[in-house]
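Open the model in your viewer and keep the selection tool at hand. The stops below say what to select and what is there.

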Amino acid sequence: MRRKQTIIILPVGEKCNLSCSYCYHSPIRDQGAKVMSKEMLKRIIFAASKTSGKITFLWHGGEPLLAGINYFETAIKLQNVFLKEKIIKNIIQSNLVILNEKWINFLVENKISISTSLDGPKEMHDSNRYFPSGRGSFEQVSTNIRKLRSRKIRVGCITLITKTNVKYPEKVYETLKNVGVSSVAFHFCSETEDCISHLIPTQKAGANFLKRIFDMWTLDDNPDFRIRNFENIIRHFFNGRPLDCASSYNSCPGFVAIDQLGDVYPCNRFAGRKDFLIGNILDKSLSTLLYEARPLYKKITKIKKECLKCKWFGLCGGGCAYERLFFSNGSFDGGHPDCELKKELFSYVWEYLEDFYKSEKLNFKGTR
């Protein structure tokens, strides 16, 4: 039994009501996917009780809210039955476009965290995150973020750095603040099976974007507006571990994804890809499947030897395994596409932290 386990549940598989240009699920999306049955949901939550004493349920997709509020009400009831003695956290990753007051009341009553995606001002966001009709989603997303904040719900956000917004860090930063997100994780656009190289900016442009964001963030000095990319570096500066799985080496075994059919994968990014199918929860217990998947997790966490020697390895961890796979033509140990960007950002922030400590005459004990 692990100390903690994150179980990613895709209640409608990869089905989504948006058609984003850079979606890594688009080649395998089944728009006709059905909602996970109550029997399947019950089996998963019961199985979760055998994995760890501390469990995070990350409801993902596709768009998980398409499962309907009754589905999530059932999930909470089952958690209360089978996981009474466990420490439980629920997080929903949603595009927010169908959020309404009933959903918001449900989130408040059950203390469920929620995160979304917003790429900057309307024209930048809408150019890549739109409905199948081509209509942009910015208005719905920004409006619903504000509704959530009015109810004191903190909203996390993923912002993808693309050629669309990479030249405008100031506009992106101000939009995120003004809309009201509580925390942001900036992700660098990476290749998918749909070949989206036309959206991927250069490593240098991405590094310059993030360095400018960091300068504005430190000047603001606002504890209610968190940026995970920089918090990871600060934590490492004080000998802590990064907050996210993509920055922590060998963290993949702490995650598992289960789709609406009960198929089990290492994480949601591998969902629907037969080469990474661990098995089905109807055939074997989740604990057994995770035990049998150890060779697969070992394969996923394999990185090139040069990474192990890098002074930034404790902060980078080799990067996301899925992104390494696509960057290196099917091999996990071929390096990460954002390597140069990360090195430049890490050095920039690290020098700032060291200079700050020297100027304040503090006793610095951080280590690389």
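## Aromatic rings and a pocket

Start with Phe270: its relative accessibility is 2%, so Phe270 counts as buried. This is a predicted model. The rings of Phe270 and Phe276 make a tilted aromatic pair, with 4.5 Å from centre to centre and 35° between the planes.

The structure holds 24 aromatic pairs. For another of them, select Phe214 and Tyr352: the ring centres are 5.2 Å apart and the planes stand at 85°, which is over 60°, so this pair is edge-to-face. Phe214 belongs to helix 7 and Tyr352 to helix 14, and the two are 138 residues apart in the chain. Phe214 is buried at 2% relative accessible area, whereas Tyr352 is partly exposed at 36%.

Of its 15 lining residues, Tyr352 is among the closest to the centre, along with Trp217, Thr218, Asp221 and Ile234. Colour helix 7 (203-220), helix 8 (228-237) and helix 14 (339-359), each of which gives two or more residues to the lining. Which helix gives the most? Helix 14 does, with four residues. By type, the lining has 10 nonpolar, two polar and three charged residues.

Next, select Phe57, Trp59, Tyr71, Phe72, Trp103 and Phe106, a cluster linked by ring pairs.

Finish with two arginines. Arg269 lies over the face of Tyr24, 4.4 Å from the ring centre. Arg294 has its charged end over the ring of Tyr291, at 3.9 Å from the centre.

Definitions and conventions. Residues are numbered from 1 along each chain as its sequence is written. This is a predicted model: local features need pLDDT of at least 70, side-chain atom pairs count only at pLDDT 80 or more; totals for chains, interfaces and linings use all residues. Side-chain values use heavy atoms; hydrogens and water are left out. On a 1 Å grid over the protein atoms alone, a cavity is a set of points where a 1.4 Å probe fits but cannot get out, and a pocket is an open set with protein on both sides within 12 Å along at least five of seven lines; lining residues have an atom within 4 Å of a point. Ala, Val, Leu, Ile, Met, Phe, Trp, Tyr, Cys and Pro count as nonpolar, Asp, Glu, Lys and Arg as charged, and the others, Gly among them, as polar. Rings of Phe, Tyr and Trp (its six-membered ring) pair if their centres lie within 6.5 Å; planes under 30 degrees apart count as stacked, over 60 as edge-to-face and the rest as tilted. Buried means under 20% relative accessible area, exposed over 50%, partly exposed in between (1.4 Å probe, protein chains only). A charge sits over a ring if NZ of Lys or CZ of Arg is within 6 Å of the ring centre and within 35 degrees of the ring normal.
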